[in-house]
Amino acid sequence: MTGKPMVVSCMLLCLSLAVLLTTVSAQPPMTPDRKAYSDATKIKEPDKKIEAMEKFITDFPKSQSLYSAHQVIFETLVKNNPDQKDRILANANKALEKAPDFMKTYLYSDLANKLFDAGIMLDEAELLATKGLAATEEELAKQAKQRKAGYYATLGRIYLKQGKLKEAEKELKQANEFNPQLTSVLIGLAELSLKQNNEKLALNYYADAAVSGKMPAESRRQFEALYSKSNNGSLNGLEAMLDAKYNKLYPHPVKVEHYAPTAKRSNRTVLAEVFTGSGCPPCVAADLGFDAMMERYKRDEVTVIMYHLHIPQPDPMTNPATQARAKYYGVGGVPTYALEGKTSSGGGSRENTQSFYDRVNPEVEALLEKAAEAELKLDAAMDGATIKAKATVNNVKSDSAGLKLHIVLAEEKIRYTGENGIRFHPMVVRSVAGTEYGGFAVTAKDNQTFEWTFDLGAISAEAKKHLDEYEKAGHRGEPFTFSEKKDQIDPNNLTIIAFVQDEKSKAVLQSTSLKVKRQVAVNTR
Amino acid sequence: MKLLFQFAQAAALSAALAVCALAQEGTQLNPIKWSLKADLPAKALRGGDKFTVQLTAEIEEGWHLYSTEEMPQGPKPTRIAFAPNQPFELQEIESPAPQKEFDQNFGIETEFYVESVTFTLPAKVKPDAPAGAHKLAVQVRFQTCTESLCLPPKLIKLEVEVPVRDQVGIRFRTPESQKRTPAVTARLALFAQNRIIPPINRPRQAGTIFG
């Protein structure tokens, strides 16, 4: 029994360390909070360690490592100051309060065992263990519901086929209650409603299924036929109705506060390049997390661009330029994101969006305080279906021989429901300037100007050719058909992004962006 | 309580490993290693004979190899097939029972394997299979994800050598000129054992197998 809490504790420590290791090996600079926490963990003398952890808690009240700090104080007190019961308990409570949900059941157990092993505060240990057990039971009950939903769904669909409508309704509604995300259940309920002559309700269930991203093509056809029938033979308004449905069913999971620049705020615009896939379930947390950052920061604070890839499913927003940038970064899987050229990977489900945001946002904030290493002036003018972009680089601080200027064309919002359910895709990269999308060599420290013309017709044609060829070749050996090919570009919805990057280290020196207007526009950073 | 601890340890470990895996960006991840082994009888195979092939996947911690069953709304299943135009037929694949767990990413219960899995591929030599040391090629298409990362699906081909001998009983009985000599019989025995066959000291005759 004695060894177990230690093992759990080690695991928790490993997890914290793993998070730290990620930061180190994935290159972004260690954020001030993580550095402070890391330094505090190295202190051996108990009082000084507690003091450093308490200072860390005061200095970084929003840090992800907050619960770990309370846990360390708790452990240190239990070992060295077992008489300070109130303080021990206060730190146990704080650790539990600040821990992410998935850690809580383990924490209850760990804290209870620490007290038990020290032979102190057995009543409190009992309470912690009891609460941990209750939390675990709740978690298991939730899992059981999710598993049962699949069986209710199957039964309901069997009854539906057998024409036993009452039984079908009972089972399908039970499945829907236990797991509202099951598209097969929503379609089953729509079909049931049709059999019960309730077309309005059927439309509603079909619409729920349509925004899930997992609706089979045949059901989509039935849905459209029904919608058209109820709408004087027209599909007008269908997408707007689905937009509203999506926004209602899937509210943004992150609470965003606008960024208040700190005293250390520099002149840098942070560039976040996100590699994602519309059929990638764990990309959801990253996509929505960066969405939230676009809301938190102004355009001259953070620029986010999204490169779509055929990972793990075919993605109709993929094009040769996005694939070239993925190759440049050596992207092995999605989601992968580069903050100022430094890559990290990993996202999660919609439920993990807040923790993703809380993990990545401090890195962005730290970068906002790092001085830019170049100045950029970007002009863009639209003439018919072409956009002439002109970028001037000045005041380059780096002596690297491998500097490049990249100019990117992005569409600000594309509506497409892929397998992961995300309906609105922001800042979708449509093209990257230069030969083989490789940008232009920056050879002077000052006043070097680059021009590039984006021909929307040619870019669209190139995207279509890519999608046609990919569809013809099959997705890594598997035949498929795109439900939609998003090769058409909306000329009223475009942004140009420019950034200077050291090709070798991949570090981004500065970036800027500009919304394309039909008249001449200018932006300077 | 013990179970709770084990679960906690496993979950914490898998979370830690998943996070560690994230640090390896920029390199082409290859968390699933495949191998192929043929279980061949001591006597060499000939047309119509059955044998089995073992296809094994070693799966790194934190990664899921999805089962061979279709999962509506879920990940693409692992697909296993013999490459076309081979003198072998694949019979029904024997797959061990996969783990079933609710996957928050897909929003459904998915079937997957962790650590390692061996698929048994019962095979049959086609009746018209020519004699020779054939390479049996198995194609696998699979998708793999962790809780936080998905890799591009892969289509791989693995090969294993499967020697096939000729339909001795039929071809060597006729015509009269091709009746087995002791030397031919000895060579056939060696061939059956997959051993190197020494040359035979007799003039080449049309219609014979060796020589």
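This is a predicted model: local features need pLDDT of at least 70, side-chain atom pairs count only at pLDDT 80 or more; totals for chains, interfaces and linings use all residues.
**Chain A: a helix pair**

Select residues 183-195 and 199-210 of chain A, which are helices H9 and H10. Their axes lie 8 Å apart, at an angle of about 165°. Angles over 145 degrees count as roughly antiparallel, and H9(A) and H10(A) therefore fall in that class. The crossing of H9(A) over H10(A) is left-handed.

Next, show the side chains at the contact. From H9(A), the residues include A:Leu186, A:Ile187, A:Leu189 and A:Leu194. On the side of H10(A), A:Leu201, A:Ala202, A:Tyr205 and A:Tyr206 are among those they meet. Sorted by class, this contact has 10 nonpolar, 2 polar and 2 charged residues.

Now move to the loop between H9 and H10 of chain A and pick A:Asn197. Its phi is positive, about 60°, although A:Asn197 is not a glycine. A:Asn197 is exposed, because 8 other C-beta atoms lie within 10 Å.

Select A:Pro335, in the loop between H14 and S3 of chain A. The peptide bond that joins A:Val334 to A:Pro335 is cis, with omega near 0°. Strand S3 itself covers residues 336-339 of chain A.

Colour the two faces of S3(A) separately. In a regular strand, side chains alternate between the two faces of the sheet. One side of S3(A) has A:Thr336 and A:Ala338, the other A:Tyr337 and A:Leu339, and all of these are buried.

Strand S1 (residues 270-276) of chain A runs antiparallel to S3(A), joined to it by 4 bridges. To find this pairing, select A:Val274, whose bridge partner in S3(A) is A:Tyr337. S3(A) also pairs with strand S4 (residues 342-345) of chain A, again in the antiparallel sense and over 4 bridges. Here A:Leu339 has A:Lys342 as its bridge partner. S3(A) and S4(A) make a hairpin with 2 residues between them, and in the turn A:Glu340 has a positive phi of about 50°.

**Chain A: two further loop sites**

A:Pro312 sits in the loop between strand S2 (302-308) and helix H14 (320-329) of chain A. The bond to select there runs from A:Ile311 to A:Pro312; this peptide bond is cis, with omega near -15°.

Then go to A:Arg476, in the loop between helix H16 (456-473) and strand S11 (494-502) of chain A. A:Arg476 is a residue other than glycine with a positive phi, near 45°. With 19 other C-beta atoms within 10 Å, A:Arg476 is partly exposed.

**Chain B**

Display chain B on its own: 3 helices and 11 strands. Of its 211 residues, 29% count as buried.

Select the open sheet of 4 strands, which has the order S1-S2-S8-S5 and antiparallel pairing. From one strand to the next, the twist averages 30°. Within this sheet, S1(B) and S2 (residues 50-59) of chain B are linked by 8 bridges in the antiparallel sense. For one of the paired positions, pick B:Lys37 and its bridge partner in S2(B), B:Gln54.

The last stop is B:Glu70, in the loop between strand S3 (64-66) and strand S4 (79-82) of chain B. B:Glu70 has 9 C-beta neighbours inside 10 Å and so counts as exposed.

Methods. Residues are numbered from 1 along each chain as its sequence is written. Chains are lettered from A and ligands numbered from 1 in the order in which they are written. Two strands pair if DSSP finds at least two bridges between them. Axes are lines fitted to C-alpha atoms, for helices over the stretch in contact, and angles run from 0 to 180 degrees between N-to-C directions. Angles under 35 degrees count as roughly parallel, over 145 as roughly antiparallel, 65 to 115 as roughly perpendicular and the rest as oblique. A crossing is left-handed if the near helix is turned anticlockwise from the far one by less than a right angle, and right-handed if clockwise. Two residues are in contact if their C-beta atoms, placed from the backbone, lie within 7 Å. Ala, Val, Leu, Ile, Met, Phe, Trp, Tyr, Cys and Pro count as nonpolar, Asp, Glu, Lys and Arg as charged, and the others, Gly among them, as polar. A residue is buried if 20 or more other C-beta atoms lie within 10 Å of its own, exposed if 12 or fewer, and partly exposed in between; C-beta atoms are placed from the backbone.
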